[in-house]
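Please read this note alongside the sequence and the structure. It takes up the two chains in turn, then the places where they come together.

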Amino acid sequence: MASGSKKAKQESTFEDSYSRLEGILEKLESDDCSLEETIKLYEEGLALTRYCYDKLNNAELRIKEISRNSKGDIELKEHK
Amino acid sequence: MNGILPEILTVSELNAQIRELIEENFRVVNIAGEISNFKLHVQSGHYYFTIKDQSSQISAVMWKSRNSTLLFTPEDGMQVIIKGRVTVYPARGNYQVEVWEIKPQGAGELQLRFEQLKQRLYEEGLFDESIKKPIPAFPENVVLITSGTGAVLHDFIRITERRYPMMNLFIYPVNVQGISAASTMIDALHETETASKRGKLPKIDIIVIARGGGSIEDLWPFNDEKLARAINSCKIPIVSAVGHEVDFTICDFASDLRAPTPSAAAEIITPDTKELIENLDKFSYFSRSFVQSKTVNLRNSIREIEKSYYFNRPKDLVYNFYQSVDDISRRIEKCTNEKISSLKNQVKNYGKTLHHVSPETNLRKGYAIVKKRVDIDEMRLQFDFDKIVTRASQLRKNEEVELQFHDSKKKAKIE
């Protein structure tokens, strides 16, 4: 399960990316943003949207069932 | 009995007979009344109280063996229907109702117990808004504690799959009904928390406790005090989704969030992918238009600056100089022309005047010019051989002169 938690950590960027996008939009909307900054934010936003689109479009719900073995330890198995 | 002395009874014998009579005749009674003077005997666990109406009362006892199955604690003033029998306590010669069941009038007994537990836990602060944990907006790992079979699980999977397939769903099958239900759910909560902490499960963002609709008896395990405390002490945010919209359980109050139904819980905990994609579309559109409008605005403002008075002043100055140079040159031209033409006129006039006074004109009138040869001495002074004679005394006898008329010259000799 160690690999599972590591994987989860790597993938935890969707929320970060998404909230970063909201932050970028807010900054773009504000007037005190230089042209260089605007272009930089735009490029960053573009990359983030591509990442988020990719995540959302390719996601597939992963379902596992938790059970207890004879020793009382937790075991995970595929659902159905 | 003739001639026989009346039978003498001992107190015990009388009480025994009364007891037999009463207990024989009131083997099962149902009494409506109000509980008063309620006492719980701490050591024995028996309940002692009085049942009364406006004008009469009767003692009552409920043994521990009976009252332990009671779902609520009787209170003074409670309107109840009691089932039991009438017994006599021979030692004191009094009678009382031995209570088997107490049913609250109006609200059901489970309802009553529910209200009492709710009140108690509420006062303890178990339901305080301030201790509720926020529910993450983008859950990655969700544990669903519910029955391993049935519509709840199916609907929950269907909805989360549609709305937010980026999620990992862990199903923890438990009993959601019957005696063992509460303890298996408590166990599932503990196990989930421990496994998440030890890395046997990934970091769990939300635990959902769910069960479909049912009667208050069916939902009763969710009103378990131990379950409420387990929920309360769990570090992972818990969403409770028990029964239908109208059903409220202690589990709902103790959880960090109550969902009206299991399906509603599936919707509440998941962002909608369709909406997220729409937002991304909007973001792409807006950010592009922001950048565009920014560059357009900047371009316009550069043009504005370019057109501004101060920015154009040097040009203006040059133009002004052009203009004044033009002006000056025009004026110079004008002055010069005027001067020239005035001079021309003057010359013309002089010419006319000169014409009038010219020798030529006079000659035509009949005048003649007398010239004589110049002496050598005089030649040094003037280069003309001829000298105009202006006085008669200048001429000597026999001197040759030249007479000039307007058409020609003639020689003459002075007498």
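This is a predicted model: local features need pLDDT of at least 70, side-chain atom pairs count only at pLDDT 80 or more; totals for chains, interfaces and linings use all residues.

1. Residues are numbered from 1 along each chain as its sequence is written, while chains are lettered from A and ligands numbered from 1 in the order in which they are written.

2. Chain A contains three helices and two strands, and from the N terminus on these run α-α-α-β-β; helices (H or I, at least four residues) and strands (E, at least two) are DSSP runs, numbered from the N terminus. Of the 80 residues in chain A, 10% are buried, a residue being buried if 20 or more other C-beta atoms, placed from the backbone, lie within 10 Å of its own.

3. Chain B has twelve helices and 14 strands, and buried residues make up 24% of its 415 residues. Two residues are in contact if their C-beta atoms, placed from the backbone, lie within 7 Å. Among the contacts in chain B with a separation of 6 or more, 62% are between residues 24 or more positions apart; in chain A, 32% of the contacts between residues at least 6 apart in sequence join residues at least 24 apart.

4. Where the chains touch, 33 residues of chain A are in contact with 34 residues of chain B. On the chain A side, α1 (2-10), α2 (13-29), α3 (35-58) and β1 (62-68) each supply at least two residues, and α3(A) gives the largest share, ten residues. By class this side has 19 nonpolar, seven polar and seven charged residues, where Ala, Val, Leu, Ile, Met, Phe, Trp, Tyr, Cys and Pro count as nonpolar, Asp, Glu, Lys and Arg as charged, and the others, Gly among them, as polar.

5. The two chains also share an open sheet of seven strands with mixed pairing, in the order β2(A)-β1(A)-β7(B)-β6(B)-β8(B)-β9(B)-β10(B); two strands pair if DSSP finds at least two bridges between them. The edge strands, each pairing on one side only, are β2 (74-78) of chain A and β10 (257-258) of chain B. Between the chains, β1(A) and β7(B) (residues 168-173) run parallel and are joined by four bridges, with B:Phe170 as the bridge partner of A:Lys64.

6. Within chain B, β8 (residues 206-211) and β9 (residues 238-242) pair in the parallel sense over five bridges, and B:Arg211 stands opposite B:Val242.

7. Helix α5 (residues 181-198) of chain B has 18 residues and reaches 26 Å from its first C-alpha to its last, close to the 26 Å expected at 1.5 Å a residue, the expected span being 1.5 Å times one less than the number of residues. Its buried residues, including B:Met185, B:Ile186 and B:Glu191, pack against β2 of chain A together with β6, β7, β8 and α6 (225-233) of chain B. Just after this helix, B:Gly199 takes a positive phi of about 85 degrees.

Note on methods:
A residue is buried if 20 or more other C-beta atoms lie within 10 Å of its own, exposed if 12 or fewer, and partly exposed in between; C-beta atoms are placed from the backbone.
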